[in-house]
Amino acid sequence: MDTAYNCLPMQVFKYGLYEVQPYRFQDLFKIKEWRNSQIDVLRQKKVLTDEDQIAYYQKIIEPSFKETHPRIILFSFLFDSELIGYGGLTNCSWEDKRSELSFLVSTIRATEEELYKNDFSAFIHLMTQVNFEILQFNRLFTETFDIRPLHITTLEKNGFVREGVMKEHVIIGGRSVDSVIHGLLRSYYKQNRI
């Protein structure tokens, strides 16, 4: 493995046939394609180029591997050793012991409801382990556009609590869309071990 986070005592986390490992350079262009094809569900405002992806990796991802307290900890997400998505912990506040969950799977897997629920649930399991057990953070939160009911339902089935709605927060496809905020606290995680 050519990449490793200094802030993590172990780099690979597994759950059944699912696995996460530090975001690999070799995955950049597949992830770019998935991001561009699913731009409406992301906080991404423009179509990404290869140059954008390389610059992001070199300026944001690579430096985060060496930091003691990175603001972003991203992983390549694999199923049976094949890349199916990526995500991780973003907007990490080490002082406040919280992070935001980020998740994206391949465009094909995102369209298959059962597969998406299974993939996202497994990813939540892995990220809660990193967030609460390894980093000892107190809170994990998400922001989801309300055009993603399956994503929201899966969050709630995995212990996330709807904390609020930012009404007409973004414009997608020419219409105002709400953003839904969910949170998961360490106390709930410890009691329920999702």
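Predicted model: local features only at pLDDT ≥ 70, side-chain atom pairs only at ≥ 80, totals over all residues.
A word on conventions: residues are numbered from 1 along each chain as its sequence is written, and side-chain values use heavy atoms, with hydrogens and water left out.

Eight strands line up as E1-E2-E3-E4-E5-E6-E8-E7, giving an open sheet with mixed pairing. Strands here (E, at least two residues) and helices (H or I, at least four) are DSSP runs, numbered from the N terminus, and two strands pair if DSSP finds at least two bridges between them. At the edges sit strand E1 (13-15) and E7, each pairing on one side only. From one strand to the next, the twist averages 25 degrees.

Zoom in on one pairing: strand E6 (residues 139-145) runs antiparallel to strand E8 (residues 175-185), over seven bridges. Leu140 stands opposite Leu184 in E8.

Now for the helices. Helix H5 (residues 149-157) lies across E5, E6, E7 and E8, at about 160 degrees to E6. Helix H4 (residues 113-134) lies across E1, E2, E3, E4, E5, E6 and E8, at about 155 degrees to E5. Axes are lines fitted to C-alpha atoms, for helices over the stretch in contact, and angles run from 0 to 180 degrees between N-to-C directions.

How do the two helices meet? The axes of H4 and H5 come within 10 Å and cross at roughly 45 degrees. That makes H4 oblique to H5, because angles under 35 degrees count as roughly parallel, over 145 as roughly antiparallel, 65 to 115 as roughly perpendicular and the rest as oblique. On the H4 side, the contact (heavy atoms within 4.5 Å) is made by Glu113, Tyr116, Lys117, Phe120, Ser121 and Ile124, and on the H5 side by Leu150, His151, Thr154 and Leu155.

Leaving out residues up to four places away in sequence, Met166 touches Glu143, Asp178, Ser179 and Ile181. The C-alpha atoms of Met166 and Asp146 are 10.0 Å apart, with the two residues 20 apart along the chain.
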